Amino acid sequence: MEPQISSFYNNEEVEEEELSEPGFSLDETRIKSESSNRFRLLMRTKDHGGITAIVTGEMGSGKTTFLISKLVLPLLERRSEVVLWRGDEFAQWCYVEPERVNLMFVEGPFEYIIADRDVGRFLRPEEAAERFNFHDLQYIVQADEVLKYAKPRLMNVVYCDDDFFVELLESIIRRPTLVWWSLFHDEVQKLAPSNPEGDLWRRNKRLADALADTRKNLVNFYCACHNLSDVDHRIITKMNFKVYLRNAKIPRESMIRNKMLAHMLKLGEAIVEGSVFKLTRFQPLRKHMNLMVTTKTLTLSRNMLRGDDDDEW
Ligand SMILES: Nc1ncnc2c1ncn2[C@@H]1O[C@H](COP(=O)(O)OP(=O)(O)OP(=O)(O)O)[C@@H](O)[C@H]1O
Ligand SMILES: [Mg+2]
């Protein structure tokens, strides 16, 4: 007979977190304030150091929502560490109020274009900043500049390429202060796919080496993917925690013996596996804006081609 989720809750092997609290309510603020300090993924001790975690589950199982509602938002409430989100095309950071978003765009031979899908218009980043009242917006060139502009209390969103991101992680590890940093990378299979070759193999190795140094440098790294086997195993082995959402494939090496357990989860439920595995819940979020961020290759303007400032073309 198929095991039922009720037997899963009662299974003594499963230690419960929020669910076991008497008077547990779905009230969002209560969950935030009660769970934030006890939640293993948000534990901060200098003895243990930084945490690494990967969230996995089928499409639409809530991976992005989990990252933001269970981790980013409580960390912003704590106001004590720097939260950095790798900018993504679908602008998932729009789940955070624009006033708490600090945008950084790494300059390149292209321009950034923001589609405001609520009104069906393209905006330049500065126009978007004015319209939505983001905390701030900077164009940067070097990874070190992120150290200068990123602030605690804000969701610092960095739009960059993969090489820049790895370099950024290395700069954060070697930063001169010991303020905690938390880095978030959704869809990490795009950054570090499995079975890489050549330059990609080398970059994944650099990333894996940097991740190995996060713990003692008080850097937390949280990421998500559909399927653990889509991500370079050198990255997976650096993860202290795995979070399984609905219909996640639980790997053979997991301590969870019942590999069907993730198929019993509902949307909003997750199993967090570290040295033990526990059940936790997360709430849906509302997007404050409906944006999409893309890039467009710059074509040399006719004036630049002519090499003068005469704009009578
Ligand atoms: N706890 C929840 N309760 C109800 N709905 C939720 C919950 N968490 C997420 N959702 C909704 O489920 C949908 C998918 O969520 P989300 O985008 O976070 O999933 P995902 O796993 O990141 O998806 P994808 O595979 O496309 O990246 C969204 O519409 C979201 O609002
Ligand atoms: Mg997602």
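The loop between α8 (198–212) and β10 (219–225) contains L218. In this predicted model, L218 has a phi near 55°, a positive value in a residue other than glycine. Most residues other than glycine have a negative phi. L218 is buried, because 21 other C-beta atoms lie within 10 Å, and the threshold for burial is 20 or more.

A positive phi, about 50°, also occurs at E187, which is not a glycine. E187 lies in the loop that runs between β9 (181–185) and α7 (188–191). With 18 other C-beta atoms within 10 Å, E187 is partly exposed.

Attention now turns to strand β12. This strand spans residues 269–273 and is mostly covered, five of its five residues being buried. In a regular strand the side chains alternate between the two faces of the sheet. In β12, E269, I271 and E273 point one way, while A270 and V272 point the other way, and all are buried.

The pairing of β12 involves β11 and β13. Strand β11 (residues 241–244) pairs with β12 in the antiparallel sense over three bridges, and K242 stands opposite E273 of β12. Strand β13 (residues 277–281) and β12 are likewise antiparallel, pairing over five bridges; here A270 stands opposite T280 of β13. A hairpin of three residues joins β12 to β13.

Note on methods. Residues numbered from 1 in each chain as written. Chains lettered and ligands numbered in written order. Predicted model: local features only at pLDDT ≥ 70, side-chain atom pairs only at ≥ 80, totals over all residues. Buried ≥ 20, exposed ≤ 12 C-beta atoms within 10 Å, placed from the backbone. Helix = DSSP H or I, 4+ residues; strand = E, 2+ residues; numbered from the N terminus. Pairing = 2+ DSSP bridges.
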